[in-house]
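Take a moment with the sequence and the 3D view.

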Amino acid sequence: MVDTATDQGRSIAEMDDELLPVPKHRLHGPKHFLGLYGAEHVAATEFVIGAAFVAMGASIQDILLGLLIGNTLAAMSFWLITAPIAVKTRLSLYTYIEYHLGDLTSRIYNGANVLIFAAISAAMITVSATAVRVLFDIPPQIYPYPSNLAFAAIAASASVIAVVVAYYGFNVVAEFATICTPWLMVMFTAGGMVLIPALNETLTGYTTLASFSEFVNLAGATVFTGINAEGKPGIGLVEVIGFAWAANTFAHFGLVDMAMLRYAKKSVYGLCTATGMMFGHYVAWISAALMGAATASMMKLSIAVVSPGDVAYYALGATGFVIVIIAGWTTANPNLYRAGLAAQAVFPKVPRQKVTLAVGAVVVVGSCFPFIYRQILPILAYAGLVLVPIGGIVFAEQHLFPRLGLKSNWHRLKGLKDNKPALITWAICLVFGFGLNATGILYFVYLFLPTWMVAIVCYTVLAKAAGAGESYPEAEQREQEFNRKVEEYHARLAATETHVPVKDTSTLTKGIRAVWILVGLVVPAVLAWRVLFNSPDLYAYYVNREMFYSVTIWCTLIYFVFAWWDLQRSKAMQRGDHASTGPMQAAPAM
Amino acid sequence: MKTTRITSMPIACLALSTIFSAAMADTITIATVDNGDMVRMQGLTEHFTKANPDITVEWVTLDENTLRQRATTDIATGGGQFDVVTIGTYEASIWAARDWLVPLDDLPGGYDIGDLLPSIRAGLSYDGVLYAAPFYGESSFTMYRTDLFEEAGLEMPEEPTWDFIKEAASALTDREQGISGVCLRGKAGWGENMALVTSMANSFGAKWFDMNWQPQLDSEAWNNALTTYAELLSKYGPVDASSRGYQENLALFQQGQCAIWIDATAAGQFVMNEDSTVADSVGFAMAPDNGLGKRANWLWAWALAIPTSTDRQESAKKFVAWATSKDYLALVAETDGWASVPPGTRKSLYENPEYQKVPFAAMTLASIEAADPTAPTVEEVPYTGVQFVAFPEFTGIATAVGQQFANVLEDAATIEDALKNSQWVTEKQMVRVEMLNR
């Protein structure tokens, strides 16, 4: 093997960007992450999770306080655990595992990801199908299994389309997803506002609420009653905190979000995840629960079985179909993509088409079963438990090893194919975590904490025994050389890439933005406000609600047309395509 | 010593058998609302458990909204938490259509299903099959002050017309004495003014929907019904009529401030009890009609149903059969007297000479028999229910319409506007209902 500097430089340039640390000129400021996390955590899952808290019998006080504490803990976990490692290594977790934890660990990890992402994708497609089923005259699906062949056919068809789109048009859907966030936030909030008067009327006979305490009383009496579906006292404050904290365990303690936070200039930007936590996992969950309870009350059904499609339709009219389909697909799309990539990593020798087809088949079958989307919260919590030991291992390598005089990259330095201490640690943690679960000593949402700690301790001990404390001068020199080459490559890259974003200040762009902000977002918000605060009786409520329904669907259409136009102009400008976008003034990004 | 052994054997066997049967007992859980009839039933349950030592009974008493929420969740998720639930005629056909209820056409213990009043049975059936066994039934009728009628030289026909009611109300209204000629429910709500107005509209040939489920509230028949209703209350009704429902009108009648009151047959016992200042001068007649063959009387029943989610179907059936049987009515009569017997479910009760002595019994029976939930109005309609239309979203729609009608009483809307708005809101909501339930 020839190892000249020139050849090494060429091979680095030819390497997939994903396998290299993120170059400095591609790093982002806090604004990027505020938007990114706001988008990531307002998804179709929120419809389901909101209703799940109702079915589990949380009380309103526990919800208001517990979600606040739990989501704060989640944001702090991103800040204190995920972001520092992401900023230090500048690698995605997948690359990190491949480099440091060995081939087999990487394959098993990717295998677990296939299952988890396929389940999430299937759940999201089922959610979309619950909206579509109405258009095809299919009865509501109230059982864990498909009770209607036509529904199974709809869900399966939607899955096939979603798989094909994720395979061939991932970028278009991903791009489209980026413009959905502000609209999703407004619609989730508006949906709750629109159905509160109807919910209140079923309880008190009145459609108006005079104060926040009346809202708390209403939510406490009808939605978060403290009694679960079995009629027994439901989950308490500690459990609510745990669910909120554990809903994204795989992302923070499990370090999956290193993929995003590796682009952060500073690790403190981990706190920007709070937009997702405090809106998507607080306002949207509560709003979704209110919507679900109101819909169940109107349809004389149980919130445990009322479908997201029905909920959205009652809350938002025709726009409800749009939100469920868009929220479902934009969530399913990246997860399908991730599942496909993970599957390819597991079976690198099998042709990509075959692997994608196999993953797609699993998703198609899974999407026919409403059970999966209704159980999404426990699925996410257990997924976190499976993946969190890897987070513990990486945490140990990056934070503990330097303090103990151990080499963080000992496995790479030693040149081993597999990292046996990592594999053994993971196996021990799974036995420990699920064993602890079987004993019932600890509520399952908190199992990730002791499991994570066991992973740190086990791996530290095993890695030390396997040679993490030894010296590998030659390999270390090679590593330093490699890092230097990467830095040089990044420097060359920085010189050729536009890294000062330009700001579009043209009148046309301002006009386009004004349209999607005012018509697409402000008008529906004002109309929802009117439904909530200006409906003195049920008749007035219906009048206001119909107005909201009728106008909002057009606002939605206008929003997407103008927001998409805005996005394309912005992209064209970033490419320097000034001719198509007219005169603009370049300005540094804030 | 031998004697002692012989005597102790049966005692030991009995004790063992009691312990064994208690251990093997099938426990059924009954979800119920907190009303007088159900409280009485709970008190009498020991009679059932004595006759059925292999079954124990647990009661879960809830308010109506909570009961509906808990029961629907339990049934929809197949929880099996409740083995028997208390439901009304409104829920019976909706739940039966969703396959949530066990058919009750084979109740054990010589349950005389043919003895049930046909209209009550029809109101609790779906596709001709009984899905809930009634323990209480009611209709509506006309209660009036015999003394005032006598003073005015009027005679209430057994089957009055709306024209007569108007004429009598006009003659009997005495604002100086604080007497209203007629009291009717005016408070907005699907179970308040809309129960009366829908029943009244039936007698005018009006209907909520035609055979294609198109709302018909802008029809002439509805206009005639609402005009009569508004005229009666605005000219001869109590002040603030739009704020008065069942309880408020009952209080007015008991205090002698209503000459005529058209409301639930269940009110019969209250206008004649010790709380009523006019107890000795109350007469009863059928609800009015308009010469079109339908009277303005509604139909309601509370019933016991068995969710399909139960694992104890046979024991539940035994309990339902007992609690809604002729023997149970006799048991209540024996323990609490005939006045306490839950009315309106069985023909045999009204054939009993003792019960016939109750002054409003015959008129209650006639009223219930006159109501037909499968053919509530003059023309054929696609729905069941007399004062309601049995689909889930009806309650919200009817309350919104009821507010429009209350506005008419408050001079806040004309009859034409109220009906136009009612038609609009019903059309709009039906689009959503059809979209989600088709």
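How many salt bridges are there across the interface of chain B and chain A? The rule finds 0. A salt bridge here is a side-chain nitrogen of Lys or Arg within 4 Å of a carboxyl oxygen of Asp or Glu.

First, some ground rules. This is a predicted model, where local features need pLDDT of at least 70, side-chain atom pairs count only at pLDDT 80 or more, and totals for chains, interfaces and linings use all residues. Residues are numbered from 1 along each chain as its sequence is written, chains are lettered from A and ligands numbered from 1 in the order in which they are written, and side-chain values use heavy atoms, with hydrogens and water left out.

Back to the interface. The count between chain B and chain A is 7 residue pairs in polar contact, both residues at pLDDT 80 or more. A polar contact is a pair of N or O atoms within 3.5 Å; within protein, one must be able to donate a hydrogen and the other to accept it, and residues adjacent in sequence count only if both atoms are side-chain atoms. On the side of chain B that touches chain A, α3 (64-76), α17 and α18 (415-437) each give two or more residues. Helices are DSSP runs of H or I with at least four residues, and strands are E runs of at least two, numbered from the N terminus. α18(B) gives the most, with 10 residues.

Now the area. The size of an interface is often given as the accessible area lost when the parts come together. Between chain B and chain A, about 3000 Å² is buried, and carbon and sulfur atoms give 54% of this. Buried area is summed over both parts, using a 1.4 Å probe.

One joins K417(A) to D103(A), with the closest N and O atoms 3.5 Å apart. These partners sit 314 residues apart: K417(A) in the loop between α18 (410-414) and α19 (420-439), D103(A) in helix α6 (residues 103-135). K417(A) counts as exposed because its relative accessibility is 60%. D103(A), at 33%, is partly exposed. The cut-offs are under 20% relative accessible area for buried, over 50% for exposed, and partly exposed in between (1.4 Å probe, protein chains only).

In chain B, E379(B) pairs with K207(B) in a salt bridge, the closest N and O atoms being 2.4 Å apart. K207(B) is buried, at 14%, whereas E379(B) is partly exposed, at 46%.

Conventions:
Buried area = accessible area lost by both parts, 1.4 Å probe.
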